[in-house]
Amino acid sequence: MIEARYHDRVNVLQEIFATDSGEAARAPFDRAEWYSLLADTGLTPLIAVASDADANAALALIQDGGRITPLRNWYSFTWRQLAPDGEQGDRLLQEIARQLRNRAHRVTLEPVPEEDGSATRLATAFADAGWRVEVAQCDINHILYVDGISFADYWAQRPGPLRTTFKRKAKKVETQILRHFDEELWDQYEAIYAASWKPEEDHPAMLRQFAREEGAAGRLRFGMAWHKGEPVAAQCWTVEGRTAFIHKLAYLESARSLSPGTTLSAALFEHVIDVDRVELVDFGTGDQRYKADWMNAVRPRYRIDCLDMKSPSAWIDLARQTAARLRESEVPHLAPLPPSR
């Protein structure tokens, strides 16, 4: 018999997956510690849990009125279910979806990956639980499949202008890569970020604590670049499960002519490819043009929009969605889910 319940504290995830979380932690954004950091920013969790014998599944969510969305912020590359693979996990997810109809008329899940089948699993669970489900691509994810090559071979495959820039500018900056957290260097990163082209940081304290925890766990790869002794660029990466994640990068706007970001990125790519021997580099979400110079593939990210059509509020939302599309010059294309890689 499946038992479903809700919690408003993320520590329940640590308790639930203490012994059977092998399927859950595939990235930094799947761990209980990540959700704890999110909760510390002021978000109020709604942790939906289903259990059956020795198996557990959970969705880390928040609720605002009649709508439920993922427990996440813009630092999260992905959001997905925390559930074991297979039919047992699917049954647990369907029960969570069924129970959520008692909590809200709408559930919107994003950005969900599909290379591991997550988007299909979630869409199917909610549809089987009686929700009206619409799936659309909402973002993309630039990645590098390393395919066992060395950094030298990888670099030879980069676009000519990128390699030329590196050749002309690399000697003008010095780089360092740390695998531990350094408070003073992080202060310098924050100063660089504040003086960069980037928008104001959303939750800098959360990012600092994340870097501190990743450093303690040995997963941090923190890069700094200096010009004549002055810090001009910084990047925060982590390495986990044969994947390198590029979380943050910034350089001083005043140092743009030095191209310190290019030199520092090259140093970090060399480190994760030749030293860590990663199989994949993940550049997060967003279709910024410069990412294509460094990566060799793109993966879609999906929005799964679920409406409980037994609720009058759901019909109102559907009418608003339809009206908005009619006002647009082009009806958005609902991208089909690709086969799992």
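Biologist: Which residues lie nearest the centre of the largest pocket?

Modeller: First, the idea. A pocket is an open set of points on a 1 Å grid over the protein atoms alone, where a 1.4 Å probe fits, with protein on both sides within 12 Å along at least five of seven lines; lining residues have an atom within 4 Å of a point. Here, 28 residues line the largest pocket, and W74, K198, T285, Q288 and K291 lie nearest its centre. Two or more lining residues come from each of β5, β6, α8 (204-216), β10 (243-251) and β11 (280-285). β10 gives the largest share, 5 residues. Helices (H or I, at least four residues) and strands (E, at least two) are DSSP runs, numbered from the N terminus.

Biologist: What should I know about the model itself?

Modeller: It is predicted, so local features need pLDDT of at least 70 and side-chain atom pairs pLDDT 80 or more, while totals for chains, interfaces and linings use all residues. Residues are numbered from 1 along each chain as its sequence is written, and side-chain values use heavy atoms, leaving out hydrogens and water.

Biologist: Is strand β12 mostly covered or uncovered?

Modeller: Buried means under 20% relative accessible area, exposed over 50%, partly exposed in between (1.4 Å probe, protein chains only). In β12 (residues 297-307), 9 of 11 residues are buried, so the strand is mostly covered by that cut-off.

Biologist: Which strands pair with β12?

Modeller: Two strands pair if DSSP finds at least two bridges between them. β5 (residues 106-112) is antiparallel to β12, with 5 bridges. There, L109 faces I304 of β12. β6 (residues 132-145) also runs antiparallel to β12, joined by 11 bridges. In that pairing, D139 is opposite R301.

Biologist: How many salt bridges does the structure hold?

Modeller: Side chains of opposite charge can pair when their charged atoms come close. A salt bridge is a side-chain nitrogen of Lys or Arg within 4 Å of a carboxyl oxygen of Asp or Glu. The structure holds 28. One of them joins E214 and R31, at 2.7 Å from N to O. E214 sits in helix α8, and R31 in the loop between α1 (11-16) and α2 (32-40), 183 residues apart. Both are buried.

Biologist: How far apart are the closest N and O atoms of D116 and R80?

Modeller: They are 2.6 Å apart, in a salt bridge. The pair links two loops, 36 residues apart: D116 lies between β5 and α4 (118-128), R80 between β4 (67-70) and α3 (87-100). D116 is partly exposed at 26% relative accessible area, whereas R80 is buried at 8%.
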